[in-house]
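This report describes the nonpolar cores and the backbone exceptions of a predicted model. The sequence and structure are shown below.

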Amino acid sequence: MRTDPDPNCSEFRLLVEYLDYQRETALSKTEDLTHVQLVSKHPPSELTLAGLLYHLALVEENWMEVRFSGLPDREPWASVDWDADPNWEFRTSEVMEPEQLRVRYRQACERSREVVTAAGGADQLSAKPRRDGRHFSLRWVLPHLIEETARH
């Protein structure tokens, strides 16, 4: 259920609450949709709601678990040849059931919340650097996930 962020909480808590708000928005947009509705394309775009939901699960897991915490990639992501198939999550989501997609995203979000809870604070730096070699803080990655989730 979507809950408006508390206007009187700390900056850090506000980031966490806005991210949860956007996560719930993504889930609410796909709730009760059939498989056919989730995989429908609306030209000229090739994107589907199924693909976006699976992509958001990948984003949560990749940024919070792998890059920030330094954990290994989960399956199925670990076995994907991203160079050969850079849109793998969008393509393969079309054979997944709606609830399977929603469950994967919910689980990814819950594990991200656990990463935030276990972190030493907003200034904690990532285990792995960005492509430019710089490590990022938890304070940086939370707005990044808000932006990534909200734009979809």
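In this predicted model, the largest nonpolar core has 17 residues, of which Leu53, Tyr54, Ala57, Trp77, Trp88, Leu101 and Tyr105 touch the most other members. Two or more residues of this core come from each of helix H1 (11-30), helix H3 (49-68) and helix H5 (98-118). The greatest contribution is that of H3, which gives six residues.

Tyr105 illustrates the packing in this region. Beyond its neighbours within four places in sequence, Tyr105 is in contact with Leu53, Leu56, Ala57 and Glu60, and also with Arg23, Ala26, Leu27 and Thr149.

| Cis peptide bond | Omega |
|---|---|
| Pro43 to Pro44 | about 15° |
| Glu75 to Pro76 | near 10° |

Pro44 belongs to the loop between helix H2 (35-39) and H3. Pro76, in turn, is located in the loop between H3 and helix H4 (88-92).

Asp32 is placed in the loop between H1 and H2. Is Asp32 buried or exposed? With a relative accessible area of 69%, Asp32 is above the 50% cut-off and is therefore exposed.

Definitions and conventions. Residues numbered from 1 in each chain as written. Predicted model: local features only at pLDDT ≥ 70, side-chain atom pairs only at ≥ 80, totals over all residues. Heavy atoms only, no water. Core = buried A, V, L, I, M, F, W, Y, C linked by side-chain atoms within 4.5 Å. Buried < 20%, exposed > 50% of the residue type's maximum accessible area, 1.4 Å probe, protein only. Helix = DSSP H or I, 4+ residues; strand = E, 2+ residues; numbered from the N terminus. Contact = heavy atoms within 4.5 Å.
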